[in-house]
Amino acid sequence: AFFGAALLCLLGMLVALLFLGRVLAQRWRLEARLGTQMALRQAMERSVTLGLLAWDLNGRPFYANQALCRMVGWSGAELLAPAPELPCWPAEQGPLWPRVVQLGQAPPERQSGDEGQLLHREGHRLDVWLHAAPLALADGRVIGWMASVLDISERRRMERLAARQQERLEASARLVAVGEVASTLAHELNQPL
């Protein structure tokens, strides 16, 4: 009886080891997949030039990617520090958090984003395009908001330069027209009909 009980316990241990081996193999596969996903996410985050900033439902920022930090010259810790407003957001534009929520709650057909400005750490302003979306779990529960920030400063600079060149071209065209009228008038005065 003792030998039978020991054999039964041994058999139970072998079955438990078999199940434990399966669980460990499954865990290793999941860890490998998670490692691959993390590497992919980190590579995507390093390669993107779009600034990303995430807030919880209480309006506290909890994530800022490196592209945003490079864009505004502030570190992630400085951007995420508890404060009434982000250090890179100009106060005259009003609070950023309600603006992000409003952008994120717009229906998909009206989600076009909004233009604004950010302050660089060195003091100059950046023209940016803001877009926001709810940060939702797989079950659809919203846990915060994600905003993307695209630097459009260079495009705005080029638009201003093109507008100035257009104004100069129009002024030159007016001068040419005035010159032609003056030339015609001078010709008529020198040689009347």
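Good morning, colleagues. Please bear in mind throughout that this is a predicted model.

I begin with the sheet. Five strands make up an open sheet, and their order is β2-β1-β5-β4-β3, with antiparallel pairing. At the edges stand β2, residues 61-64, and β3, residues 114-119, each of which pairs on one side only. On average, neighbouring strands of this sheet are turned by 35 degrees against each other, direction ignored.

Strand β1 pairs with strand β5, residues 142-151, in the antiparallel sense over 6 bridges. Within β5, Val149 is the residue that stands opposite Gly51. The antiparallel strands β3 and β4 are likewise joined by 6 bridges. Here Leu119 has Arg125 of β4 as its bridge partner. The hairpin of β3 and β4 has 5 residues between the strands, and in this hairpin Gly123 takes a positive phi near 110 degrees.

Which helix packs on the sheet while touching β3, β4 and β5? That is helix α5, residues 153-190, whose direction makes about 140 degrees with that of β4. A further helix, α4, has several buried residues: Leu96, Arg99, Val100, Val101, Leu103 and Gly104. The buried residues of α4 pack against β1, β3, β4 and β5.

Helix α4 also takes part in the aromatic pairing. The structure holds 1 aromatic pair. Trp55 and Trp97 form this pair, with 6.1 Å from centre to centre and 50 degrees between the planes, and the arrangement is tilted. The pair links distant parts of the chain, since Trp55 belongs to strand β1, residues 51-56, and Trp97 to helix α4, residues 96-105, 42 residues apart. Is Trp55 buried or exposed? Its relative accessible area is 3%, so Trp55 is buried.

In soluble globular proteins, nonpolar side chains tend to be buried together. In this model, the largest nonpolar core has 24 residues, of which Leu68, Val72, Leu79 and Leu118 touch the most other members. At least two residues of this core come from each of β1, α2 (66-72), α4, β4 and β5. Setting aside residues up to four places away in sequence, Leu79 touches several residues, among them Leu68, Val72, Trp74 and Leu86.

Pro61 is also among the residues that Leu79 touches. Pro61 lies in the strand β2, and it counts as buried because its relative accessible area is 19%, under the 20% limit. With residues up to four places away in sequence left out, its contacts include Leu53, Ala54 and Trp55. Along the chain, Pro61 and Val48 are 13 residues apart, and their C-alpha atoms are separated by 20 Å.

Why does Asp127 count as buried? Its relative accessibility is 12%, and buried means under 20%. The side chains of Asp127 and Gln117 make a polar contact at 3.0 Å. Leaving aside neighbours within four places in sequence, Asp127 is also in contact with other residues, including Gly116, Leu150, Arg156 and Arg160.

That concludes the presentation, and I thank you for your attention.

How values were computed
Residues numbered from 1 in each chain as written. Predicted model: local features only at pLDDT ≥ 70, side-chain atom pairs only at ≥ 80, totals over all residues. Heavy atoms only, no water. Phe/Tyr/Trp six-rings, centres within 6.5 Å; stacked < 30°, edge-to-face > 60°. Helix = DSSP H or I, 4+ residues; strand = E, 2+ residues; numbered from the N terminus. Buried < 20%, exposed > 50% of the residue type's maximum accessible area, 1.4 Å probe, protein only. Pairing = 2+ DSSP bridges. Axes fitted to C-alpha atoms, helices over the stretch in contact; angles between N-to-C directions. Contact = heavy atoms within 4.5 Å. Core = buried A, V, L, I, M, F, W, Y, C linked by side-chain atoms within 4.5 Å. Polar contact = N/O pair within 3.5 Å; in protein donor to acceptor, adjacent residues only side chain to side chain.
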